[in-house]
Amino acid sequence: FFIDAPGEKEAMGPEGLDSERIKVPIGSGRYAEVLADEKYYDRILNMSEYIFAHQSDIKFFYDFLHRKSEGELSDSNLRIVLNKVPNISERIIKIFVMLESQGFIKNFEYEDDKIVFACVEPFVKEMLAVKGSWLEMYVYILAKRSGLFTEVYQSVMVGWALKINPRYTVENEIDVVLMKKGTPIFISCKMTNPKPDALNEIYALANSFGGYGAVPILATSSD
């Protein structure tokens, strides 16, 4: 289905730009090609709950992964090689072992100051590239399984067309969008302690693209 800009045509868009909202499809936007198959849902929930409970170790792991990956997480190759990693921390090894035991990666090896492993599916590589993907998937799966919503979508892209140049658009991503009895629910997922701007942003997006009665929600795994 489509959401038309409700009410008045003029609105204040992202970053204070005077914009005219354009008709925007609600669907599995930019990340449609890397959404996880349902057979992984239980494993994603289990791993996510571990991640939420051990956020200090997870931050340490992701900082290491991004520092050593040298862009390998952004290409389409599912095999990852991390070079020059002597004296790797046991905290990092433990998370790699958990990812392999849960079936997200395979053929994990650490020898000669090098880590080699393969992601089993493209969505795993996305989740290793973006830490917040775990919370986004967690919320999406729970909402989908609840049976409370007529429609459930993940990573929805919405756009603003500038009045001064309608060909130039500004895009925003909404992590999870739900529909319940005709009411759209817009959810922003934050793994870190959210700043006030995060709440303002999801409120503005829900109001602008969902219309009267739209519900903005900010979900966080932070203490």
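K84 lies in the loop between β5 and α3. Helices and strands here are DSSP runs, numbered from the N terminus (helices: H or I, at least four residues; strands: E, at least two). K84 is exposed, with a relative accessible area of 69%. Exposed means over 50% relative accessible area, buried means under 20%, and partly exposed is in between (1.4 Å probe, protein chains only). K84 is not a glycine, yet its phi is positive, about 55°. Most residues other than glycine have a negative phi, and most peptide bonds are trans.

This is a predicted model: local features need pLDDT of at least 70, side-chain atom pairs count only at pLDDT 80 or more, and totals for chains, interfaces and linings use all residues. Residues are numbered from 1 along each chain as its sequence is written, and side-chain values use heavy atoms, with hydrogens and water left out.

Now follow β5 into its sheet. Strands of a sheet pair through backbone hydrogen bonds, either parallel or antiparallel. Two strands count as paired if DSSP finds at least two bridges between them. Here three strands form an open sheet in the order β5-β7-β6, with antiparallel pairing. β5 (79–83) and β6 (105–111) stand at the edges with a single partner strand each, so one side of each has no neighbour in the sheet. On average, neighbouring strands of this sheet are turned by 10° against each other, direction ignored.

Look at the pairs in turn. β5 and β7 run antiparallel and are joined by five bridges. L82 has I115 in β7 as its bridge partner. β6 and β7 (residues 114–119) also pair in the antiparallel sense, over five bridges. There, Y110 has I115 as its bridge partner, and E109 stands opposite V116.

D112 is exposed, with a relative accessible area of 72%.

Next come the helices on the sheet. Contact means heavy atoms within 4.5 Å. Angles run from 0 to 180 degrees between N-to-C directions, and axes are lines fitted to C-alpha atoms, for helices over the stretch in contact. Helix α3 (residues 90–101) lies across β5, β6 and β7, at about 150° to β6. Helix α4 (residues 122–129) packs on the sheet too, touching β5, β6 and β7. The direction of α4 makes about 130° with that of β7. Is β7 largely enclosed or left open? Five of its six residues are buried, so β7 is largely enclosed by the rest of the structure.

Y212 is exposed, with a relative accessible area of 88%. P184 is 28 residues away along the chain, but the C-alpha atoms of Y212 and P184 are separated by 9.6 Å.

Finally, turn to the largest pocket. On a 1 Å grid over the protein atoms alone, a pocket is an open set of points, where a 1.4 Å probe fits, with protein on both sides within 12 Å along at least five of seven lines; lining residues have an atom within 4 Å of a point. The largest pocket holds about 160 Å³ of space, a volume being the space filled by probe spheres set on the points, which are joined across faces, edges and corners. β9 (165–180), β10 (183–190) and α6 (196–210) each supply at least two lining residues. Among the lining residues are N172, D175, K190 and L205.
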